[in-house]
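User: I am new to this structure and would like to know what the terms used for it rest on. Please take the questions one at a time.

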Amino acid sequence: MKPSGILIVQSRTIEDALQPPNEHHIRGYFFEVYPRLIQIEAERRHDGKTVKKALLKACFRSIDEYKLSETRKTYTGLEELKDELLARTGRSILHELSDLELEYLVQYICERLRNRSTQEIVEQDYWTIWLAKKE
């Protein structure tokens, strides 16, 4: 890397994954209903301090950290969300659940989201981005 170059790292940290559940952060309900999934998630995600420490160890000195949310998907309603969750689409953590556990989780999520003011559900994912420069 050139001395004036910038390294950009984007990752979902464990802190990002464990944001509280709400109508936009559906993933948060997974951990609320099945806390045992937190350990599985923690084993596959670094925390923010570990990433920054690794960048410092690699001789990066100017490190800026940013939090970002992005729209993962917009659903027309609960049925579309329910179908995607039951199919475990794009959510490998759901493969840790039995079919019965998954059905319960989906029912739980649908109950929590049933009284929204709009039919549409805009799901968000949270990320951390680091901009690191070697000086």
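User: Why is Lys-2 called exposed?

Analyst: In this predicted model, Lys-2 has a relative accessible area of 66%. Exposed means over 50%, so Lys-2 is called exposed. Lys-2 lies in the segment before strand E1.

User: What elements does the protein chain have, and in what pattern?

Analyst: The protein chain has six helices and three strands. Along the sequence the pattern is β-α-α-α-α-β-α-α-β. The C-alpha trace spans about 50 × 30 × 20 Å along its principal axes.

User: What makes E1 and E2 edge strands?

Analyst: The three strands form an open sheet in the order E1-E3-E2, with antiparallel pairing. Strands E1 (6-11) and E2 (60-75) each have a single partner strand, so one side of each has no neighbour in the sheet. On average, neighbouring strands of this sheet are turned by 25° against each other, direction ignored.

User: How do you know that E1 and E3 pair?

Analyst: Strand E3 covers residues 121-134, and E1 and E3 are joined over six bridges in the antiparallel sense. At least two bridges are needed for two strands to pair, so E1 and E3 count as paired. Val-9 stands opposite Trp-130 in E3. Helix H5 (residues 78-86) packs on the sheet, where H5 touches E2 and E3. The direction of H5 makes about 115° with that of E2.

User: How do you know that the buried residues of H4 line one face of the helix?

Analyst: Helix H4 (residues 48-57) has Gly-48, Val-51 and Leu-55 as its buried residues. Seen down the axis of H4, the buried residues fall within an arc of 65°, so they line one face. Residues three or four places apart in an α-helix point the same way, because there are 3.6 residues a turn. The buried residues of H4 pack against E1, helix H1 (14-17), E2 and E3. Lys-49, Lys-53 and Lys-57 are exposed on the other side of H4.

User: What makes Asp-47 a cap of H4?

Analyst: A side-chain oxygen of Asp-47 lies 3.0 Å from the backbone nitrogen of Lys-49, at the N-terminal end of H4. After H4 comes Cys-59, with a positive phi near 75°.

User: How much of the protein chain is buried?

Analyst: Buried residues are 38% of the 135 residues in the protein chain. Among the contacts with a separation of 6 or more, 77% are between residues 24 or more positions apart.

Definitions and conventions
Residues numbered from 1 in each chain as written. Predicted model: local features only at pLDDT ≥ 70, side-chain atom pairs only at ≥ 80, totals over all residues. Heavy atoms only, no water. Helix = DSSP H or I, 4+ residues; strand = E, 2+ residues; numbered from the N terminus. Axes fitted to C-alpha atoms, helices over the stretch in contact; angles between N-to-C directions. Contact = heavy atoms within 4.5 Å. Buried < 20%, exposed > 50% of the residue type's maximum accessible area, 1.4 Å probe, protein only. Arc of directions from axis to C-beta. Polar contact = N/O pair within 3.5 Å; in protein donor to acceptor, adjacent residues only side chain to side chain.
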